[in-house]
Amino acid sequence: MGYTILKKEELIPGQTTMMVIEAPQIATKAKPGNFVMLRASEHGERIPLTIADCDREKGTITIVYLVVGKTTAEMNTLKEGGEFVDVCGPLGRPTHIEKSGTVVCVGGGTGIAAMHHIAKGHVEAGNRVIAIIGARSKNLLLFCSELSSFCPEVRIATDDGSEGHKGFVTEVLKDILETEDEVAEVVAIGPVPMMEAVCRVTLPFNVKTTVSLNSIMVDGIGMCGACRCTVGGKTLFACVDGPEFDGHQVDFAELRTRLWQFKKQEEESMELFSK
Ligand code: FES
C-alpha cells in the first residue's frame, strides 16, 4: 500500500511544488525539524525532505520540493490521487524548542517551508518569533500567508527589491540583532551560502544559531554514512545526529564539496530521464 497524494500545488510553476500526503502514523509523531525519506517509484532513489507541516487530525503531512534533478522531476509526474511507494519517517532529531524569548527564523528558497513549521513550534511554545524570508524576486517567495497567519512579524528581503527590503535576508537580520534588546536564538534554513552567511552575521553578536543541513542522504537512518558532516571537529551524521546543528560549529566548506560530489552523475541521470 502506498501513500496517497491528497493535494498537489505548484507554488512556483515548473520550479517548486507542494504536496499533502496521507500518512497518519507519521503525522501523529512528526515534530518541527523532522524529515521523511520518500520514494516515488519501485526502483526510484530515496530522497529526504523536511516536513513542512502536519495535520494530526487529518493524518497528513506536507512537503515542498524544488524540481532540481531526476528524482524530483519524477516526483513531479505524480498527480493528486497518485501514490508514493514509500514515505519513511518521521526521521532525524526534532528541533529543540523551549520557551526562550525572541527567536528569529530565517528561511530562503524551499527552506522557507521547513522554517515555517519550526516557527510555528516556537510560537506555540510562547516565544516571540520574527520571521525573515528571502528570494530573488517577489514571485519566488513561499509561504508568506501561511507564516503571517500565526506570526505577526514577517520581514521580507528580495534581491530585486520587488517586495520588502532590497537585498539579502542577512542585512535584515543584522538590523534586528543591532536593534533588539535580546535575541535568544536564530534559526536558519535554506541554501548553504545563506545559512553560512547567517552564521557569519550572528557570530559577533554571540547568538545561538541553529542551521538545518541538507546533506545527501541514502538510507536516512545512520547506516550508510552518506550524510556525514563535520561539526565542532567531529564527524556526525545529519540524518541521526541532526539535521539541525550549531551553525557556528559546522564545516560549511566540506558540506559544499560533499553536496557537489555527484553533480556529473545527477546531470547524466536527468538527461536519460528527459529522453
Ligand atoms: Fe545514511 Fe545518514 S543518510 S547515514
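This is a predicted model: local features need pLDDT of at least 70, side-chain atom pairs count only at pLDDT 80 or more; totals for chains, interfaces and linings use all residues.
Strands, like helices, are here DSSP runs numbered from the N terminus, a strand being a run of E of at least two residues.

β1 and β2 take part in an open sheet of five strands, whose order is β5-β6-β2-β1-β7 and whose pairing is antiparallel. At the edges lie β5 (53-55) and β7 (83-84), each of which pairs on one side only. In general, the strands of a sheet pair through backbone hydrogen bonds, in either a parallel or an antiparallel sense. In this sheet, three bridges connect β5 with β6 (residues 60-66) in the antiparallel sense. Aspartate 55 stands opposite threonine 60 of β6.

Helix α8 comprises residues 252-259, and its buried residues are Phe252, Leu255 and Arg258. They lie on the same side of α8, because the arc they cover around the axis is only 125°. The partners against which the buried residues of α8 pack are α6 (192-202), β14 (208-212) and β15 (228-231). At the start of α8, the backbone nitrogen of alanine 253 has a side-chain oxygen of aspartate 251 within 3.3 Å.

These elements can now be set within the whole chain. The protein chain contains nine helices and 17 strands. Its radius of gyration is 18 Å, close to the 19 Å given by the globule rule for 275 residues, and the chain is therefore as compact as a globular protein of that length. The C-alpha trace spans about 55 × 40 × 35 Å along its principal axes. Of the 275 residues, 49% count as buried. The accessible surface of the protein chain comes to about 13,200 Å², and carbon and sulfur atoms account for 52% of this area. Finally, among contacts between residues at least 6 apart in sequence, 65% join residues at least 24 apart.

Technical notes: Residues are numbered from 1 along each chain as its sequence is written. Side-chain values use heavy atoms; hydrogens and water are left out. Two strands pair if DSSP finds at least two bridges between them. Helices (H or I, at least four residues) and strands (E, at least two) are DSSP runs, numbered from the N terminus. Buried means under 20% relative accessible area, exposed over 50%, partly exposed in between (1.4 Å probe, protein chains only). The arc is that of the directions from the helix axis to the C-beta atoms. Contact means heavy atoms within 4.5 Å. A polar contact is a pair of N or O atoms within 3.5 Å; within protein, one must be able to donate a hydrogen and the other to accept it, and residues adjacent in sequence count only if both atoms are side-chain atoms. The radius of gyration is taken over C-alpha atoms; the globule rule is 2.2 Å times the number of residues to the power 0.38. Accessible areas come from the Shrake-Rupley method with a 1.4 Å probe; for residues, only the protein chains shown count as cover.
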